[in-house]
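I opened my notebook today to look up a few places in a new model. Come along and check each entry against the picture.

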Amino acid sequence: MKPTQMLSRYSPLVVVAIIQLVVVLLAPSTPPMSTVLGDAVAGGAAGSNGIASGGAGGTGGGVTTPGQVGGTGSSTVAGGSSSTVAGPGLTAGGVVGSTSSGGAVGRCPGNQPAPWNYMPPCVTFNGTNGGASMTGVTDKEIRFVWYEGVTPAAVAAIGSQAGLSFTETQLCESLTGYTKVVNKRYQLYGRHFVSLDGPGPHSGKAQGSSSCQFPYFQGDNCDSTDAACWRAQADVIAAMKPKPAFVIGNVQVQVPFLDELAKKHIPVLGQGSSDGFTEARAPYVWDWQMSMENVANFGAEYFCKKLAGRPVKWAGSEVLQSGTTPTTPPTRKIAIVHDVPVPDTFTPGAKAFMKTVKSCGGGDVAEFPFDANVNTLAQDMQTIAAKIKLGGYTTIYTYMDFIAEIPLTNDLSSENWRPELVMAGAGASDDDKLAQLMNPDSYKYSFGPSLTNFGLPPQAYDYYKAYRDAGYTDEPPLLGQNIWSYFWIAGDMFQVGGPSPTLPSIQAGMFALPVLGGTKAHPGMKFGVRGDAYLAQRDIREVWWCPTKTGPNGRAGAYTGVLNDMRFQHGQIDGTMRVFPNGVC
Amino acid sequence: MTLRLAPWQRSVAGALLAVLGYEALLGGKTPPFGILVLSAFIGLSYAMLAIGLILVYRANRVINFAQGQIGAAPAMLGILLMKLDHWPYPLALAVTVLSAAALGFLVEVAIIRRFARAPRLVLMIATVGLSLVVALLQLLVPTLIFGIKLHGLGGRTVDSAPPITPFSAFHFEIGGVRFSGDVLVIAVVTGLTVAALALFFRRSNIGLAIRASAENADRALLMGISVRRLSTVVWMLSAVLSALAIFLQTAVTGINLGVDIGPSALIYGLAAAIFARMTSFPRALIGAVGVGILTQSIYYVYNDPFLPGAVMVPVLLVVLLTQRGKLSRGEDAGVASFKQAAEFRPIPPELRRLPEVLWGRRAAGFLTLAAVTLVPLSLDVGRLSLAAVVIVYAVVCVSLVILTGWSGQISLGQWGLSGVGAFIAGWFGGHLHADFFVTLLAAGLAGAVASLVIGLPALRIQGPFLAGTTLAFAISVQVLLLSPKYFGDYLPDVAHNVDRPILYGHYSLAGPLAFYYICLGVLVAALASATAIRRTRAGRVIIGVRDNTRGAQGYGINVSRTRIVAFTISGFWAALAGALFVYQQGALDQVSFDPQVSILLMTIVVIGGVTSLPGAVLGAAYLGILKYGGFGPEFQTLATGLGVLILLMVAPGGVAQGFYAIRDNALRVVARRNGILVPSLTEDRRVATLEEARAGVVRDAHPDEVVEESEYGTRLDAEAVPV
């Protein structure tokens, strides 16, 4: 090619490149300064059962809190008045709180009749509320979005058969009923909860069955790895008119959804499994579940108080006889097997567990991380089981999802090495029905902390009572437990947030509540613990697995709780071993 | 002076190098002997996968993505018969083998045979759809046949423990690790399978015929070989192998209902098959055992579950580059009778300058422009955001058209290159707050460099070898480059959002519509760049090398440089798209760069028409509409699973085939009206002589296309008028 030809062909490109270069130098296209989330948590977390005593605020009538039910905490926290949260809809400054006089409190007659576990103390209120005190709140309404993804028909059918799913009508009735109950039973200062309908062809209202109409945001069927899809769902919510005060994402939503809503300064209740994640996005992501870090803390305390430095006791004979003499069981040699999901919410907890157990005399804890990928799980678990055997590990902390534990139990059985399997209780591994899938040969040595209690009759649970309170006479779906869990959080938020709720006032109020629940069927819940402020569950029960005991589904295999399913908070776990009172099942 | 070694010397030298490499990778920390033996046994499961892959590759010249799953349903049937209905082991095994053979037969006759004349890429993508169908079958077996309710209330239930077999009671220990008799059975069966298949292909007439038909189906057919029947035999064998592998493995590891075999498992089998040059079964066995030992040793020593997958890239690169000159002619897709991709012809030069055509093109362009600029105005923000994502995918698809469609290099890791761009965007945009355009350019350049590295093997090899390497690259990018554990200091976190820029300091791109148009602009730039390349000598050379490598070499073309150029250009655009994706999302989600997306993008391109730029855009639009159009989950399965299979069976050329058929019909009308005979438009239609038309011999001949007999051979290409 001749130079002239070359010049004529490429000169426009060169000119454009030069212009662009000049523009980049003179007027760069850079992003604006980012808003960093996570500042708002400062000063808001209580050390223990703190009670908010923020300055009275709001407009209109006075608020009187007769006191706290069983309130034992005396520490007070200035609830977040110094917290500054950038973004729309948030009013920085004075916290609307309730005056607290401490001591026992009677419930308000007729308003909160049932001793429901997670309902805050009754508040009487006369007068007018503060009106539109935050985005999504008016003098009459507290608007929220219930996000419900589309479940493929095949998956829904399987879930429905298993009793672990619900039909559209059941969902609609549960949402209708629980909204009704919150509006009826909680002090919302003249407002009521209103669910917003999502746009587009998947409007929840349009999809509702003929007998039940409840508007909600029927989202798309986003794959767990399709972050773009999840973020787009959040975009839709952020653009809704009218805007919601908060979103309930339930347990099905993925991290990008929560992240995007937090970036858009919209509070969201759902599936925040890690302290690191929720604290970094404070105060926007809330959940009733226990953080994985806290799960590991409980595990560490359990090991330190009961197991570390002691001889192994509830393992297979080959493990018990693996000491220096066959008649003397060896001192426990501890390992932790844990998921490494993407994003990784397990490793920080696992590392903390190892450090704590080592410091309390448990020795060096071996770490066996694995990829929670079903494609490589079987192979990885074979190697882990062999490593456990070769290393002579007697006691395994199974800090993992139940799906991954299934092959582990098989491989340990194949290795004829059946160590003590100390459960973490996370990832639904303490659900009797799911544990029935484990290899009974090795899983019969399983015991330890359990987070939930799935083994009681449905009548024992608040979700059942609330459903009936709404006027329904049929049985609520099993997963109504999850649905109700988010409704009580929302109800609590807008009761403790006062007549002029703002995010700081809600945060202060929630942090000030004492531990709620803590009964046989209902784990104790407490927001506002420093470093773990937005994930509520605070206690465990202790269980052991019995493969011959009949489970709640009528099949062989069930957990048994010690001390009649008594629950233990941090510091309450003692050194007494109560599992397997009659020897291994 | 060159060193000449005898075959055995080469083998010994290779083994020594492998051991040295292994030691170097592990830093001298060799796992205990028991773990090594266990790893070797784990490798045997990859061996069965590799053998199945080779088998199908030998017959059909494709990577069978369904190899892992095709036998899952029959295996599950046999296992559950044993476990729940207490059938004897031999009977359950016989049921597994027979039902697998039947399924293989059914799959070949109902599906594979329909792609006999389709481009190989199309068949390969069809196996992706097939894998989803057979995976579903596996899920249905427990429910429909045994009435098992998963996790269940009511119905029968099954725990995950391995079934009791005649070999379960026998155990032995090696290096402290305990093995059951079932592990020995796997070893024996795998060994026998390898030996039997090797003999079968060398000695039996059918085996020789399969090899012959794989090399050149047309020639084999002319020699009286029933290519169809052979293909059926191969698929039956492949299904039996898959079922056997799962059946025997389940007796060791227990029941794993509903497990899908994705890229991270496939890569190990593929690595072994590549080591075997997609031909040798014994080498595949050795390779698989080697992969098992290597991956599990790395896992053992480094205690990182992601490293084994990530290390496959350097391993494959070394394996491929050391196999210089050893790959048979059959591996060169240009030699075999199969086409990699279908070509779409341009508008014939006779019609190009006609006013109708000119205005038609302008109108089509205007309508397209109007659609892509105005339709977004009616979308909600969620759909608008996803529309921008689809456009980003379209840019990657354009890069795939250049690489795969034009250059003939199969990349199953293009989204991995986008991951490289995403990394740069996260670093530059999130941490350094660099200029948007500078970031995009840096990302593109980084992608070009990365593609240069993974494209090096392309100097020597094509087809499945490159596909395996690129797939491994995509896995590495996700688990290493985008992992906060390794590169957390460069990746954005909650404190370092990758916020969209203010263009030139004045125009905010924060809104979804503004950024949609930016994405659209990038797509237009990618299309313009690709079109420009296609029209230049460089483009013609790229296609020439694809179609006839040796012919191109004969004209003095540097084949290596040509392929590398295609890789580099393609990598640039793929990585730039990745950076754009990060800005669009405002974050860098590690999960977004799942290697499965790379396969999805290849699917999109094939659906669209792999050699066509409009096809790439149409394919992306197809995916976007079905996946994100709000049609519900049933329609989404059409986008990636069964729908792909059906679409490709109906239109092997993808959406572009329909698009070009409509265009060609319109052009024929134009040609008729103008009285212009266009051979390239009529060669695929029956053109009748006047007499034939009068006699009604050729019924669908258009009157305008009927020509006088005297015109035969003068106005029409003789080949276009066979009687």
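**Entry: the core.** I began with two terms. I call a residue buried if 20 or more other C-beta atoms lie within 10 Å of its own, exposed if 12 or fewer do, and partly exposed in between, with C-beta atoms placed from the backbone. A nonpolar core is then a set of buried Ala, Val, Leu, Ile, Met, Phe, Trp, Tyr and Cys residues joined through C-beta atoms within 7 Å.

I also noted that this model is predicted, so local features need pLDDT of at least 70 and side-chain atom pairs count only at pLDDT 80 or more, while totals for chains, interfaces and linings use all residues. Residues are numbered from 1 along each chain as its sequence is written, and chains are lettered from A and ligands numbered from 1 in the order in which they are written.

Which residues touch the most other members of the largest nonpolar core? I found B:A50, B:A272 and B:C397, in a core of 381 residues. Helix 16 (residues 381-406) of chain B gives this core its largest share, 19 residues. Helices (H or I, at least four residues) and strands (E, at least two) are DSSP runs, numbered from the N terminus. In soluble globular proteins, nonpolar side chains tend to be buried together.

I then looked up B:C397, setting aside its neighbours within four places in sequence: its contacts are B:L601, B:I604, B:V605, B:G608, B:A616, B:G619 and B:A620. Contact means that the C-beta atoms of two residues, placed from the backbone, lie within 7 Å.

**Entry: helix 8 of chain A.** This helix (residues 292-307) has 16 residues and reaches 21 Å from first to last C-alpha, close to the expected 22 Å at 1.5 Å a residue. The expected span is 1.5 Å times one less than the number of residues. The buried residues include A:M292, A:F298 and A:L307. Among the elements covering them I noted helix 10 (347-362) and strand 16 (539-550) of chain A. After helix 8 of chain A comes A:G309, with a positive phi near 75°.

**Entry: two crossing helices.** In chain A, the axes of helix 15 (residues 462-469) and helix 16 (residues 480-496) come within 9 Å and cross at roughly 80°. I wrote down that A:D462, A:Y463, A:A466 and A:Y467 of helix 15 meet A:G480, A:Q481 and A:W484 of helix 16.

Entry: Most residues other than glycine have a negative phi, and most peptide bonds are trans. I looked for exceptions.

- A cis peptide bond joins A:A282 and A:P283, with omega about 0°; A:P283 sits in the loop between helix 7 and strand 10 (285-286) of chain A.
- Another cis peptide bond joins A:V342 and A:P343, with omega about -5°; A:P343 sits in the loop between strand 11 and helix 10 of chain A.
- B:R277 is not glycine, yet its phi is positive, near 60°. B:R277 is buried, because 22 other C-beta atoms lie within 10 Å.
- B:N303 is not glycine either, and its phi is positive, near 55°. B:N303 is partly exposed, with 14 other C-beta atoms within 10 Å.

Definitions and conventions: Axes are lines fitted to C-alpha atoms, for helices over the stretch in contact, and angles run from 0 to 180 degrees between N-to-C directions.
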